[in-house]
Amino acid sequence: MKQQISLDINGRVYDLVISHRDLLVDVLRKKLGLTGTKKGCGNGDCAACTVQVDGEPTLSCLTLAISCQGKKIITVEGLAQPGGALHPIQEAFVNQGAIQCGYCTPGMVMSAKALLDKNPKPTLEEIKLAISGNLCRCTGYKRIIEAIEIAAATMSAQEVK
Amino acid sequence: MQTWDKRETEVTEGKSSYVREGVPSYLDERRHSQVGRSVPKVDAAAKVRGEAVYADDMTLPNMLYGKIKRCKEYAHAKIKKIDCSKALALPGVFAVLTGDEAPNKWGIVPHSCNETVLAIDKVRFYGEGVAAVAAIDEETAEAALDLIEVEYEPLPALLDPFESMARANEVVIHETNPDNIAFHGNQIYGDVDKAFAECEYVLEREFKTGMPQHGFIEPQSALASFDPHNGRLHLWSSNQVPHYLHRQLSIVTEIPMSKIRVTIPTVGGGFGGKGEACPNEFAACILSRKTGRPVKITYERSEVFFTSKGRHPCHMKMKIGIDKDGYIQAVDFDNTMDKGAYASWGVVVMFYTGSMVHLPYKIPNVRSYLRNVYTNKPSSGALRGLGGVQPRLAMEVMLDEMAEMMGISPYELKMKNAVVSGYTAANNMYVPHTEYKRCLETAVEKSSYLEKHGKLPFGKGIGLAGGNYISGTAYTLYQNYKPHTTVVLRVDTEGGVTVQCACTDIGQGVDTVIAQFTAEALGVYFEDVHVVVRDTETATFDLGTFASRLTYATGTAVKAAAEPINQKLKEIAGQKLGCRADQLIIKDHKIYSMYETKKTMSWDEAVDIATSTVGTLVGVGHFSPPRRKGIDIVTGNRIQGGNIGHSPTFGFSCQIHEVEVDVETGRIRVKKVTEAGDMGTPVNPMAADGQVEGSIVYNMGAALYEDQVIGADGRHLNPNFHDYKMPTSMEMPDMFINTLKDSYDPTAPFGAKETGEGAVQPTFPAITNAVYDAIGIRFYQVPITPEMVLRALKEKKEKEAGCGA
């Protein structure tokens, strides 16, 4: 059964016709072409599909799109700054060498953002915990954690959201 | 964006030294400005924005979705009948494919090709594909799979290599191999028995390793487009060996290679798992040819587990003999490997396990008995550090144990036997350069190993292990001596500098490394270089991403390709500056006389003159590895498989792990790792250290938790990331990476060697040795699970109580 819904994604409202069982990750990737959100396992185990729904880090592969009506969804594409500049979290990932194959990166960045939105000065343990659901197979996590520490410092200094 | 001082190159720790002391700059081949820079990867910004395009991110007009029907009933069964009529009748289904329509066998090693796109007549492992469909959308394709009826006649499933050999008279997995042995080989160098007889210390142990999988986060995805008007096929796929894929596609589809184009989009990790063709690639191509429309097939995670060819489980026996002075005299190695269902890289990995015994210690007499046995399990293939990690576990753990027998430190024993530059092993493997001893020294010093070893409280331990890995192979997998890598450089005023090479970045960073090499070789900046890669049509030949070969191969080819371009520019500049071309140096966008620094002109001006007079400058460079033969140096006898393991050069490293063992839960935690590695010149120190950190955590997983579990009926019991446990950020140890930044291999391009696979080698034994130091129990098996630890602690306690009573 198809139904028309509206989704607020990255500040833009999309009118969509979807099935009630369509997953948010599939709607983002296939219906809207927002392929920055990745699908690694389809089971909620790898968190490559993490997006923010009303500020919370959310596994879009376990979330029904229909349940997101009236909520604010932010994907990695929504982090773009004016003029195409990188968000401080993204910039720190690039500069710290926290990216290898890059497939976990959008999910990592979104988990980091959800953390820093709530807790601008996290401890090392809080950072580790915030990304503990995000699997990365290339980096060994060290540089990702360092990048998030640096991003936290930059964002606190610049008061970036 | 942060900016980098282009003249700042860290050569020695804490000191910027663009120019080495005591060496005139014009004579210093190590005076690099672009190699040795820590720069972000060329694709990092696109990846972090979510803009990098991976295979499954692509769509083409009119595209269909493909799915593969898999056998979920049995691990070994005859296919009696496949009825696809109901699936074909379903609205939205465009085509169905069964194995008999594509009977040509494929495989990465030509003489052991034994896989078909989809099973024909019988299935040999749980989850093997039996049919494929192309439909208007994924839901329809899935519905069609349910309508395909397959009738099986079950056969006994052989799940253990020893059982498989023992029951070969009763059950045969491949008709071509009536003993169920896929490959076997004996390699005998020197007189092992005589040497053992003269040894003071002899130890024999048995080891067993688990069945980890690569765990790349991006599942395989392939998008094929066949154009019926010109008969051309274009495949975009997540693969790390476009050339071997290209070749196999041609064999299976019977389309000439010149009419097939393979493009590799961004790849989300490979680790060897994308190091050969994959059934979804063939199925997408054939379904596209059948329907005349593009077809995409993306795997679910469970399909990745069923079909990706992970690390071979090994059952090893090793015997080491050491003389009274502490020198290793002989090693006897016996390895029975679990091949799984199909041949894959099997013969290569098997002989690698034999050749890896010869380094990084000097061993005059080595004997290896090797066999790789078919079972009804997922096929084993190439996984990071292939063929090295299993014998490395055995040798490093045994040397730790033997040092204890001898009453000396494992460090002393390893230093005494460590190879040195210019060493030729018994199997004729030649090591042009090594800093292995300095790796051991550095890691031991930085970790305070000697102060801690044997002295930490119960439950805490420290373990040392070393290792090495090849930096590229010597031969192609099929009989051919063509260059393994070709690079084309193009320079003109319009495009600036462009490098073309079909090398494949799977996250390890070759796109960035080749740009740094190009910049260094042409005397420009890394930021100036355009990189055209991962395409068999627009880029030039490369063998693929495996065996840690690309740094060495691309570096050599880039250097050669730059020569004619530099020569032309020097001639132009020489005329303008009034000096000899051979006295000019090109560096940092300037062309200047090495003797009179006043005589200088800008590189861009010279390029402008060149473009206006002779047109675009093009240089072609090739890399062909040296052809060393695996012979017995004493007898001169050629030995089967003896050519495997020869490499232009080798990387070395040492790891020291500090662990805590929870004696209540049996859980082992790696707390701290101190590493020192010899990778020659680190081309991009930031990325190189990232490779090492990633390697440590990667193999820590397979040392402690990761194992594919196969049920008694052959069913895969953990084909998902929920039950197959990989390390998360919470398991990450503190890591101290001490790459020898001043290491330089004079035989290697820009002095650079491998690091992506060498750094996984010491992890298994370093952890195992640390666990022994912590609780006094030596494990000869990985992964070391909490159950194993608790059982061993209980047995130890009972034994000690028994002795007391």
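These notebook entries set down what I looked up in the structure, going from the chains and their domains to single residues.

**Ground rules.** I am working with a predicted model, in which local features need pLDDT of at least 70 and side-chain atom pairs count only at pLDDT 80 or more, while totals for chains, interfaces and linings use all residues. Residues are numbered from 1 along each chain as its sequence is written, and chains are lettered from A and ligands numbered from 1 in the order in which they are written.

**Entry: chain A.** I began with the domain bounds, which come from an automatic or database domain assignment, and found chain A divided into domain 1 (2-75) and domain 2 (82-158). Taken over C-alpha atoms, the centres of these two domains of chain A are separated by 21 Å. Where they touch, domain 1 of chain A gives 14 residues and domain 2 of chain A gives twelve residues, with two residues counted as in contact if their C-beta atoms, placed from the backbone, lie within 7 Å. On the side of domain 1 of chain A that touches domain 2, strand E3 (50-53) and strand E4 (56-59) each supply at least two residues, and the largest share, three residues, comes from E3(A). For these names I note that helices (H or I, at least four residues) and strands (E, at least two) are DSSP runs, numbered from the N terminus. By class, that side of domain 1 of chain A has six nonpolar, six polar and two charged residues; here Ala, Val, Leu, Ile, Met, Phe, Trp, Tyr, Cys and Pro count as nonpolar, Asp, Glu, Lys and Arg as charged, and the others, Gly among them, as polar.

**Entry: chain B against chain A.** I then turned to the contact between the chains, which takes 44 residues from chain B and 40 residues from chain A. On the chain B side, helix H1 (44-48) and helix H17 (685-704) are the elements that give two or more residues, and H17(B) makes the largest share with eight residues. I sorted the chain B residues of this contact into 21 nonpolar, 14 polar and nine charged.

**Entry: domains of chain B.** Chain B is divided into domain 1 (55-155 + 220-298), domain 2 (157-208 + 309-419), domain 3 (432-471 + 649-805) and domain 4 (482-623).

**Entry: a sheet in chain B.** I traced an open sheet of seven strands in the order E5-E7-E3-E14-E11-E12-E13 (chain B), with mixed pairing; two strands pair if DSSP finds at least two bridges between them. Its edge strands, each pairing on one side only, are strand E5 (93-98) and strand E13 (260-263) of chain B. From one strand to the next the twist averages 20°, where axes are lines fitted to C-alpha atoms, for helices over the stretch in contact, and angles run from 0 to 180 degrees between N-to-C directions. Strand E3 (residues 64-70) and strand E14 (residues 295-298) of chain B run parallel and are joined by two bridges, and B:Leu64 stands opposite B:Val295 in E14(B). Helix H3 (residues 138-147) of chain B packs on the sheet, touching E3, E5 and strand E7 (129-135), and its direction makes about 25° with that of E3(B).

**Entry: helix H18 of chain B.** I checked the length of helix H18 (residues 763-775) of chain B: at 1.5 Å a residue its 13 residues should span 18 Å, and its end C-alpha atoms are 18 Å apart, which agrees; the expected span is 1.5 Å times one less than the number of residues. Twelve of the 13 residues of H18(B) are buried, so this helix is largely enclosed by the rest of the structure. A residue is buried if 20 or more other C-beta atoms lie within 10 Å of its own, exposed if 12 or fewer, and partly exposed in between, with C-beta atoms placed from the backbone. After H18(B) comes B:Gly776, whose phi is positive, near 70°.

**Entry: backbone details in chain B.** I noted a cis peptide bond from B:Leu359 to B:Pro360, with omega near 5°, and B:Pro360 lies in the loop between helix H9 (346-355) and strand E17 (365-374) of chain B. Phi of B:Asn62, a residue other than glycine, is positive, near 70°, and with 10 C-beta neighbours inside 10 Å B:Asn62 counts as exposed. B:Ser344 also has a positive phi, near 50°, but B:Ser344 is buried, with 26 other C-beta atoms within 10 Å.
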